[in-house]
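Hi,

Here is the structure I said I would pass on.

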Amino acid sequence: MAQDDSGSVELAGTSSTAVEHPAEHERLGDPGIGVVVADAPVNPGFPAHRPRVTDLDPKRNRQAERTVFTFFYLSIAGSVWAIAAYMAFPIESGNISDVRTSTLFIGLGMVFALLGIGIGAVHWAKTLMADHEGIDIRHPVRGTEETRERVIEIFEEANQESGFGRRTLIRNSLIGALVAFPLPAVVLFRGLAPQNEDPVKELKQTMWAKGVRLTKDPTGLPIKASDVTIGSVFHVIPDGLNDAPDMLDQKAKAAVLLMRLKPQDLHVSPDRKTWNYHGIVAYSKICTHVGCPVALYEQQTHHLLCPCHQSQFDITHEARVIFGPAGRPLPQLPITIDDEGYLVAQSDFHEPVGPSFWERNS
Ligand code: FES
């Protein structure tokens, strides 16, 4: 490759210069595979370092320090605010305005907690930490002993330059902010768990019981067996669920998918012979992996797909797992019809719904 006066680059062997000067061509290597950069740019190096106002003026330096630890204290206040808001605005009533109020005030606290740490750290780095640019040459993963010793030196230098060990107010307020920040999450997650109750027992019981009608989600209208045609699928909730005080909790356990297959397509074990009604089967909608709703039904193959991690369940074989991380089949709800032809449950599920964890701990 060669370059003309105009600065344009040509492939070696294609320019007239390369053909007329074989010695030059030989030096460049095989035509078409070599690249010659005749005017490689020169590394201009770093621009001259310009001191910041906080480097020159001790008063501004102290002011910046105050700003940094103020942000970290603001973060602590935000975390405390979030915990206080969780306690002050409980959402046990299930009222939507209570949910909004609680979410708003908890969210505000967490915003201040996160922003306080973020802005404080950025301000610290921009105004107080040393801002000399440097080049970090890459090395093999494990360095030599000298390199490792140098790393320790660098850490010590960084400690000196950032003032982490020296500026105790900043350091302690940052540690305090980082310790306080996860606390709202601990409190919030604890609030999600059943209060004073055994979660295994809770999950083993749903609203399904003998004679409870299967109704459409979300209308609550009962379903007749004659409404369920072959290939159709219904999202189902137990009758009365919409009036339950803990409706969402109950729905999270009792949601069911109802499908109708040709009876000859079903392979059922002897103890489940009576659990379907003329090919109509009902399975828990809660994935046995980590509890997502299994809501995608493939009518041709009779497979149910969980969209979260792609577990697939074969409805023709009692919802056994044929793909994905789910550990066990979807629990089946035994069903029949009542005197008026409406589909009803024969009993509750015979095993805990949801992630396999509960199965192992039952
Ligand atoms: S929750 Fe269904 S596959 Fe993970």
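Let me start with Q310, which counts as partly exposed because it has 13 C-beta neighbours inside 10 Å. (My classes: buried means 20 or more other C-beta atoms within 10 Å of the residue's own, exposed means 12 or fewer, partly exposed is in between, and the C-beta atoms are placed from the backbone.) Q310 sits in the loop between β8 (303-305) and β9, and its phi is near 65°, a positive value in a residue other than glycine.

Before going further, two notes on conventions. This is a predicted model, so I asked for pLDDT of at least 70 for local features and counted side-chain atom pairs only at pLDDT 80 or more, while totals for chains, interfaces and linings use all residues. Residue numbers run from 1 along each chain as its sequence is written.

Overall picture

The protein chain has eleven helices and 13 strands. Those are DSSP runs, numbered from the N terminus: H or I with at least four residues for helices, E with at least two for strands. Of its 362 residues, 24% count as buried. Among contacts in the chain with a separation of 6 or more, 59% come from residues 24 or more positions apart; a contact here means C-beta atoms, placed from the backbone, within 7 Å.

Helix α4 and its partners

Helix α4 (residues 58-88) packs against helix α8 (residues 183-192) at an angle of about 20°, with the axes 8 Å apart. That makes α4 roughly parallel to α8. For the geometry, axes are lines fitted to C-alpha atoms, for helices over the stretch in contact, and angles run from 0 to 180 degrees between N-to-C directions. Under 35 degrees is roughly parallel, over 145 roughly antiparallel, 65 to 115 roughly perpendicular, and the rest oblique. The crossing of α4 past α8 is left-handed, meaning that the near helix is turned anticlockwise from the far one by less than a right angle (clockwise would be right-handed).

On the α4 side, the residues involved are S79, A82, I83 and Y86, and they meet L183, P184, V187, L188 and G191 of α8. By class, that contact splits into seven nonpolar, two polar and no charged residues. Nonpolar covers Ala, Val, Leu, Ile, Met, Phe, Trp, Tyr, Cys and Pro; charged covers Asp, Glu, Lys and Arg; the others, Gly among them, are polar.

What about α4 and α7? Their packing angle is about 20°, with axes 9 Å apart, and the two are therefore roughly parallel to each other. Again α4 passes α7 in a left-handed crossing. From α4, the contact takes in E65, V68, F69, F72, Y73, S75, I76, S79 and V80, which meet L169, I170, S173, L174, G176, A177 and A180 in α7. That contact has eleven nonpolar, four polar and one charged residues.

Leaving out residues up to four places away in sequence, G176 touches F72 and I76.

Strands

Five strands make an open sheet with antiparallel pairing, in the order β3-β4-β5-β6-β11. β3 (214-216) and β11 (332-333) are at the edges with a single partner strand each, so one side of each has no neighbour in the sheet. I call two strands paired if DSSP finds at least two bridges between them. Inside the sheet, β4 (residues 233-238) and β5 (residues 256-260) pair over four bridges, in the antiparallel sense, and H235 has L257 of β5 as its bridge partner.

β9 (residues 312-314) and β10 (residues 320-323) are also antiparallel, over three bridges, with F313 bridged to V321 in β10. Their hairpin has five residues between the strands, and E318 there takes a positive phi near 55°.

Where is the cis peptide bond at P218? It runs from D217 to P218, with omega near 10°, and P218 lies in the loop between β3 and β4.

H278 has a positive phi of about 50° although it is not a glycine. H278 is in the loop between β5 and β6 (280-284) and is exposed, with 11 other C-beta atoms within 10 Å.

Cheers

Technical notes: Contact = placed C-beta atoms within 7 Å.
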